[in-house]
Amino acid sequence: MVILVRGDHDLMASRPMPTMPIKEVGAVVGDLARYGVPALKVFAGGDRRDAHGSRGATADSIMANAIREAKSANPAVTVMTETCLCSYTDSGECHIARKDGQPDLAATLEAMAAQAVAQADAGADIVGPAAMLAGSVRIRRALDETGHHNVAVMPHLIFDSRLYEGYRKTMDAVPTSGDRRPFQIDPRSPMAAVDSALAFISEGARMLLLEPALFCANVLIMLKRTCDVQLSPFSVSGEYLRLTGFGDDLRLMLELFTFLKRSASGQIITYAAADMARILA
Ligand SMILES: NCc1[nH]cc(CCC(=O)O)c1CC(=O)O
Ligand SMILES: [Zn+2]
């Protein structure tokens, strides 16, 4: 199950995707336990932004509070996070910029590591570096150094796609540059996604998140043949907005998930998990 958590004063404006305040997280986690959904992926808005996205690494961020809320509602729920800067930088970019405007990769990795530690401190089980940077798994070192040996790192393998629009608008994470193409995988390059996946695996990743789920099946199948890693497709905002029908018709989503299961998919990460589980129960 995926949730988008925002601060109380940011819930007012009308947004394409459903959002919730921290105080509703516990009820969602209760529902998940009832329906047997084992994991929750948390995205949280930044209530303060700056050039370095430093708010994301604090102990009282919306993310940290949402994680604590989820874990106190049910300690057994697996909490997965988004570990990225785009909700915390004033530019909406996933990367910190140098003075000349170019992305500062070392500073970005350091910021992601600090965020991962703050998320682990709050109780996260799996952190998810999402800036598509080589070296993302170095977050592992920061976690080990702070005693979080049991917290897993799940790098995100992200294709450039039009399907993220709803998320970006909802979370005020529209990049100033207009897109994230320099970092995300070009869908026209046949082997680029597999190469990135293999690079993360050689860094030590044991699990990968792939997005958008709709367009990742060939990568799942290719990786499954040669790698022993957990492959979790993430069905993103644009899929949720387009594939769910009138009322709560989830039959098209179910068709997509059946296709993904047939295509070597592990756990599927979706905004529709609670509704889907209720219907299938
Ligand atoms: N940090 C990247 C990130 N984190 C969440 C999404 C999209 C999630 C969704 O659409 O549901 C993305 C992709 C992007 O903005 O380029
Ligand atoms: Zn980002």
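The buried residues of helix H7, which covers residues 217–226, are Val219, Leu220 and Leu223. Viewed down the axis of H7, these buried residues fall within an arc of 100°, so they line one face of the helix. An α-helix has 3.6 residues a turn, so residues three or four places apart point the same way. The cover over the buried residues of H7 includes H6, S7 and S8. The model is a predicted one.

Helix H6 spans residues 192–203, and alanine 197 lies in it. Alanine 197 has 23 other C-beta atoms within 10 Å. The cut-off for a buried residue is 20 or more, so alanine 197 counts as buried. Its contacts, apart from neighbours within four places in sequence, are Leu157, Leu208, Val219 and Leu223. Val219 and Leu223 are also among the buried residues of H7. Phenylalanine 183 is 14 residues from alanine 197 along the chain, and their C-alpha atoms are separated by 14 Å.

Strands S7 and S8 belong to an open sheet of four strands. The order is S6-S7-S8-S9, and the pairing is parallel. Strand S6 (156–158) and strand S9 (269–270) are the edge strands, and each pairs on one side only. Strands of a sheet pair through backbone hydrogen bonds, either parallel or antiparallel. Strand S7 covers residues 207–211 and strand S8 covers residues 230–235. Four bridges join these two parallel strands.

S1 and S2 pair in the parallel sense over four bridges. Leucine 4 has phenylalanine 43 in S2 as its bridge partner. From S1, Val2 and Leu4 point one way, while Ile3 and Val5 point the other way. All four of these residues are buried. Strand S2 (residues 39–44) and strand S3 (residues 78–81) are parallel too, and four bridges join them. Here lysine 41 has methionine 80 in S3 as its bridge partner. Helix H2 takes in residues 62–73. Together, S2, H2 and S3 make a right-handed β-α-β unit.

Glycine 45 is found in the loop between S2 and H2. Glycine 45 is buried, with 22 other C-beta atoms within 10 Å. Valine 5 is 40 residues away from glycine 45 in sequence, but their C-alpha atoms are 6.3 Å apart in space. Leaving aside neighbours within four places in sequence, glycine 45 is in contact with Val5, Arg6, Gly7, Asp10, Ile62, Ser87, Met171 and Asp172.

Helix H1 (residues 25–35) has Val25, Val28, Val29 and Leu32 as buried residues. Down the axis of H1, the buried residues fall within an arc of 100°, so they line one face of the helix. These residues pack against strand S1 (2–5), S2, H2 and helix H10 (273–280). The face of H1 turned away from the buried side carries the exposed residues Ala27 and Arg34. Glycine 36 follows H1, and its phi is positive, near 75°.

The largest nonpolar core has 88 residues. Val5, Leu40, Val42 and Ala66 touch the most other members of this core. Helix H3 (residues 105–122) gives the most to the core, with nine residues. Alanine 66 is in contact with Val5, Ile22, Val25, Val42 and Ala44, leaving aside neighbours within four places in sequence.

The protein chain as a whole has 10 helices and nine strands. Its radius of gyration is 17 Å, close to the 19 Å that the globule rule gives for 281 residues, so the chain is as compact as a globular protein of that length. Along its principal axes, the C-alpha trace spans about 50 × 45 × 40 Å. Of the 281 residues, 47% count as buried. Among contacts between residues at least 6 apart in sequence, 74% join residues at least 24 apart.

Methods:
Residues numbered from 1 in each chain as written. Chains lettered and ligands numbered in written order. Predicted model: local features only at pLDDT ≥ 70, side-chain atom pairs only at ≥ 80, totals over all residues. Pairing = 2+ DSSP bridges. Right-handed = clockwise from strand over helix to strand, strands pointing away. Core = buried A, V, L, I, M, F, W, Y, C linked by C-beta atoms within 7 Å. Buried ≥ 20, exposed ≤ 12 C-beta atoms within 10 Å, placed from the backbone. Contact = placed C-beta atoms within 7 Å. Rg over C-alpha atoms; globule rule 2.2 N^0.38 Å. Arc of directions from axis to C-beta.
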